[in-house]
Amino acid sequence: MNHQMTPSTTEIAVRASGVEKVYVSGDTNVVALRGADLEVHTGEIVMLVGPSGCGKTSLISIIAGLLARDGGSLEVMGKDPQALSGEARTAWRLRNVGFVFQQFNLIPTLTIAENAAIPLILQGMDRRSACAQACELLQRVGLAGRERSSPARLSGGQQQRVAIARALVNAPKILVCDEPTSALDGMTGLRVMELVAQVGRMPGRAVIVVSHDERIYHLADRIIHMDDGRIDRIETPASLRSTHA
Amino acid sequence: MPIFALKMLFGDSARFYGILLGLAFSTLLISQQASIFVGLMSRTFGFVTDTPQPDLWIVDPAQRFLDDNKPLRSTSVQRVRSTEGIEWAVPLFKGLLVVNLPDGKRQMTQVIGIDDASLIAGPPFMLEGSLTDLRKPDAIIVDERATRREFKMNLPPEGGDPRPLRVGDTLELNERRAEVVGICKATQTFQSQPVIYTTYNRATQYAPRERRMVTMILAGLTPGANASEVIATVEQRTGLLSYTGEEFAEKTVGYWMRETGIPINFGTAILLGFFVGVAVAGQMFYNFVLDNLKYFGAMKAMGASRGTLLGMVFLQAATIAILGFGIGIGMTSVFGLTVPGERLAFRMTWQIPLIAAAAVTIICTASAAVGMWRVLRLDPADVFKG
């Protein structure tokens, strides 16, 4: 069954077909994905939504090259991350994928500029240049003048802005956000997602957001509902509003 | 990433100082106890190191260590002298005698009687008087430490306040008069008795009369003589065993190591230091890595290679190890410099810092290895699990 409800943009960033994932724990097999089909195009923001345990996190982990699938096929920006060797996959991830985590994961003993500069330094850029480039992005996310602050001195929303800057600093082609608003209050979460939509959306980049937060659904181009390891249905914010109306 | 690794380490100040203190304390315990042990052991053969002239120390085969006197026949000296390859041989008296002080105090004292003619085996450093003053009647040379402590004149003959023993004062050795003609500096004995030097003949007069009075024979080899051949010949002709100074010192230390509980006592303290390091510093460093695991996981997800992450943990471990070791060995050095040597045997040989460094390296390597193992096993997808 093809659930794709594609926008008019041209390039396909992610093409997943029949992706399966089974977690084995002793004698128990837990099926997380039962043949998920998904296409995400460059320039669009999609939200993966659904109940806990439906396979959202497994799917984005596989797309980001963090987790191996057990079946199906996957192409991310024309490559199957699983076909790459361990080190090559790590390098691919570094060049192509930006991450925004639920818990920010900012290193508390570094300044926010240093935190935001990590992907550039991992790519081999010297610390000074990387921090300078990170500072430009911090300005764009509204943290000008706070570059030398410690993460602990920032509010949750500001910390997530730093995480967004860190995710975008090396201009990745895929931005993966895992529950980016769950640790924030409603208004702050909305502002953070508006920021993701504003600075994250650009031609050539796809943004995939896992979220339970219905208040931010309107910022997506498509809302992909998952259930029991499959793509259940795909909606647009407009169709979602009409359904609820 | 090296600077970031160090900022992660230094930034967690409570844990950083905890690990640092643990490693420093561990280094202090290991190196200080080892230095005291080496100091004590050095005292067991101090007379050998104070006496560099002889090539051979010739003793009774039953003698187990330096102070285990088994007197020899006086004729043995002539028999050794007549051995081919021996340039000179002199008798030595070394024994514990009672000294009577003017104030009535009695003090067990180590008396060393050196060859009357050559004065070989005299004290290593003269502070007052000269070695040849021993040729004066009733002459003795006293160790400086004893003049201030055991031989302190509480009732000086001229009256007045107590004062150290000095040149010109007289003592009694076995009820015979002995006049101090010089003050010397000698290595403290293992049992910390005062040391008196005199001539061999005078020492044998001070000592209770026995049939055998030669404690050991000191000998010099003729230039170009083969030491092992001479040793074998001496043994064949006299039935006595010969050792070089180094061998005699090793034999003495070997006895104390094998036959006493001293190595076990100090070994226990040194092991304790090591386990303090493992339990405190090693555990804290491992916890430090565990606490940072989520950040390592995030970096791994972002694309940090295994080499980068392992390099960060290794740098953190190496840095804290060097700092902890440096502080610990510094504290041991300060301890050694400030505590008077006569009160505490302390000798930090070059091997001791190496041993302490090896212990710290093991502690840090082990805890870093366990931490690195956790980092390697880290599934980057776990960062999505919160």
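Reader: How is the meeting of two helices described, and in which hand does H2(B) pass H9(B)?

Author: Two packed helices are described by the angle between their axes and the distance between the axes. In this predicted model, helix H2 (residues 13–44) of chain B and helix H9 (residues 262–291) of chain B have axes that come within 8 Å and cross at roughly 165°. Since angles over 145 degrees count as roughly antiparallel, H2(B) is therefore roughly antiparallel to H9(B). The crossing in which H2(B) passes H9(B) is left-handed, and the residues of this contact divide into 20 nonpolar, 6 polar and 1 charged.

Reader: At what angle do H5(A) and H6(A) cross, and which residues meet there?

Author: The axes of helix H5 (residues 156–168) of chain A and helix H6 (residues 186–200) of chain A come within 10 Å and cross at roughly 20°. Because angles under 35 degrees count as roughly parallel, H5(A) is roughly parallel to H6(A). H5(A) passes H6(A) in a right-handed crossing. On the H5(A) side the residues in contact include Gln160(A), Arg161(A) and Ile164(A), while those on the H6(A) side include Arg191(A), Val192(A) and Leu195(A). By class, the contact of H5(A) with H6(A) has 6 nonpolar, 5 polar and 2 charged residues.

Reader: Turning to strands, in what order do the 6 strands of the open sheet of chain A stand, and why is one side of S5 and of S9 of chain A left without a neighbour in the sheet?

Author: The 6 strands of chain A form an open sheet with mixed pairing, in the order S5-S6-S7-S3-S8-S9. Strand S5 (97–100) and strand S9 (230–235) of chain A stand at the edges and have a single partner strand each, so one side of each lacks a neighbour in the sheet. Neighbouring strands of this sheet are turned by 20° against each other on average, direction ignored. Within the sheet, strand S6 (residues 174–178) of chain A runs parallel to strand S7 (residues 206–210) of chain A and is joined to S7(A) by 5 bridges, with Val176(A) standing opposite Ile208(A). Helix H1 (residues 56–63) of chain A lies across S3, S6, S7 and S8 of chain A, running at about 150° to S7(A).

Reader: What is the pairing in the sheet of 3 strands in chain A, and which strands does H1(A) touch there?

Author: The 3 strands form an open sheet in the order S2-S1-S4 (chain A), and the pairing is antiparallel. Strand S2 (28–41) and strand S4 (71–76) of chain A are at the edges, each with a single partner strand, so each has one side without a neighbour in the sheet. From one strand to the next the twist averages 20°. Strand S1 (residues 12–25) of chain A is joined to S2(A) by 11 bridges, the two running antiparallel, and Val19(A) stands opposite Ala36(A) in S2(A). H1(A) packs on this sheet and touches S1, S2 and S4 of chain A, with a direction that makes about 120° with that of S1(A).

Reader: In chain B, with how many bridges does S2(B) pair with S3(B), and where is the residue of positive phi in the turn of their hairpin?

Author: S2(B), which spans residues 86–100, pairs with strand S3 (residues 106–114) of chain B in the antiparallel sense over 8 bridges, and the bridge partner of Phe93(B) in S3(B) is Gly113(B). The two strands form a hairpin with 5 residues between them, and Gly104(B) in the turn has a positive phi of about 95°. S2(B) also runs antiparallel to strand S9 (residues 216–221) of chain B, with 6 bridges joining them, and here Val90(B) has Leu218(B) as its bridge partner. Finally, 2 bridges join S2(B) to strand S6 (residues 170–173) of chain B, again antiparallel, where Asn100(B) stands opposite Glu172(B).

Reader: How many residues of each chain are in contact with the other chain?

Author: The size of an interface is often given as the accessible area lost when the parts come together. Counted here by residues in contact, 25 residues of chain A meet 22 residues of chain B. H1, helix H2 (86–96) and helix H3 (112–122) of chain A are the elements that give two or more residues to the side of chain A that touches chain B. The residues of that side divide into 13 nonpolar, 7 polar and 5 charged.

Technical notes:
Residues are numbered from 1 along each chain as its sequence is written. Chains are lettered from A and ligands numbered from 1 in the order in which they are written. This is a predicted model: local features need pLDDT of at least 70, side-chain atom pairs count only at pLDDT 80 or more; totals for chains, interfaces and linings use all residues. Two strands pair if DSSP finds at least two bridges between them. Helices (H or I, at least four residues) and strands (E, at least two) are DSSP runs, numbered from the N terminus. Axes are lines fitted to C-alpha atoms, for helices over the stretch in contact, and angles run from 0 to 180 degrees between N-to-C directions. Angles under 35 degrees count as roughly parallel, over 145 as roughly antiparallel, 65 to 115 as roughly perpendicular and the rest as oblique. A crossing is left-handed if the near helix is turned anticlockwise from the far one by less than a right angle, and right-handed if clockwise. Two residues are in contact if their C-beta atoms, placed from the backbone, lie within 7 Å. Ala, Val, Leu, Ile, Met, Phe, Trp, Tyr, Cys and Pro count as nonpolar, Asp, Glu, Lys and Arg as charged, and the others, Gly among them, as polar.
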